[in-house]
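Subject: Structure handover

Hello,

Please find the structure below. My notes on what was found follow it.

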Amino acid sequence: MMSGRKRSSAPLSGSADGEFALAVLDWYDRHARSLPWRQRDGAPDPYRVWLSEIMLQQTTVAAVTRYFARFTDLWPTVHDLAAAEPTAIMREWAGLGYYARARNLHKCAQIIASEHGGVFPDEVADLIRLPGVGEYTAAAIAAIAFNKPETAVDGNVERIMARFHSIDTPLPAAKKELRALAAHYIPGQRCDRAGDYTQALMDIGATICTPKLPKCEICPLGQHCMARNSGTDPATLPRREKKSPRPRRVGYVYWVTDKAGRVLIHTRPETGLLGGMRALPTSAWESIAPDHPPWIQAALLVGTRVEVRHIFTHFELHLSGLAAPSDSISIPDLPDKSFQWVARDHILAEGLPSLFRKAAMQFLGS
Ligand code: SF4
């Protein structure tokens, strides 16, 4: 064992360098996770690889599994997805979060179906032009679906590289360095398993070199890992610059009911947060309590115990629930036809994003 190596951001050289990919692939052959979008025999289906990679953006494997099964049941090919109704896609996506992904998913499927004959491009430069496909996703699709030696650097890979080389520079400043290290170890010409290698690193990051309790004793990279062998606590890496706390926004969520027991919902505008999703009506979301929208008569609103908190990427939202009988709204003045009455018993089947699902459940129980 090469214990006691000095910290270095230079890649390993000589035989140890080649050992990295071999150790990773050998581990993968024995311990690869069985995932519904992963194909161990035969060529991978680029549609399933793309779909899984879009769903996995900022989302866990556990959360994605059920959605992936549902989408591939409903829309087994990219042509099926391209032909789907946007509202059906949004409804099925409900609860998975980051809803711009669902809109881009549909746009991308339509482009692949109409402009590429249903065949995904295999080069990063072409993949990255597709809606919803960024640098990481393009590299992951090229590597996994087409076995291209591309560097797909996500949080797992950054963590492994930061620990393997005991890099002290905090993220995000360390990104470039970690990326260069990750690129160095790609098997490339040395073997024909770039896709397996990419997935192997994802698996090692998810199951062995985990953020809080890395299992160094069973890690295939332990022999040359500088954090492990230099006495640095691997769990402290990668270091991160302190983030300023998320700003807080507040607003109201309305439970408007009519005498027939129906509840008012609306479809949010296409652009903006939760765009195109079915939702309970809300006020604007502001840093201080906002005004009620003009179509609601504030005097008739009734305070409730409903309180919902939701974390978005750039802010934290707190919504307070207000109940409103239907005579507290001026129906002719409803902002547009995106507002709709639904039976109270059906509200949870409307494909509400989790923020509104949480609110609806509280209203129903209150
Ligand atoms: S030895 Fe430990 S810290 Fe190093 S890569 Fe493996 S799990 Fe991560």
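The model is a predicted one. I start with Y28, which sits in helix 1, residues 14-31. Is Y28 buried or exposed? Its relative accessible area is 0%, and the cut-off for buried is under 20%, so Y28 counts as buried.

Leaving aside residues up to four places away in sequence, Y28 touches R38, R40, R193, D196, Q199, A200 and D203. With R38 there is a polar contact of 3.4 Å between the two side chains. D196 is 168 residues from Y28 along the chain, yet their C-alpha atoms are separated by 7.5 Å.

Two packed helices are described by the angle between their axes and the distance between the axes.

On the helix 9 side, the contact involves V157, E158, M161, A162 and F164; on the helix 10 side, K175, L178, L181, A182 and Y185. By class, this contact has eight nonpolar and two charged residues, with no polar ones.

Which residues of helix 10 are buried? Within this helix, residues 175-185, they are L178, L181, A182 and Y185. Viewed down the helix axis, these buried residues fall within an arc of 100°, so they line one face of helix 10. An α-helix has 3.6 residues a turn, so residues three or four places apart point the same way.

Regards

Key:
Residues numbered from 1 in each chain as written. Predicted model: local features only at pLDDT ≥ 70, side-chain atom pairs only at ≥ 80, totals over all residues. Heavy atoms only, no water. Buried < 20%, exposed > 50% of the residue type's maximum accessible area, 1.4 Å probe, protein only. Helix = DSSP H or I, 4+ residues; strand = E, 2+ residues; numbered from the N terminus. Arc of directions from axis to C-beta. Contact = heavy atoms within 4.5 Å. Nonpolar A, V, L, I, M, F, W, Y, C, P; charged D, E, K, R; others polar. Polar contact = N/O pair within 3.5 Å; in protein donor to acceptor, adjacent residues only side chain to side chain.
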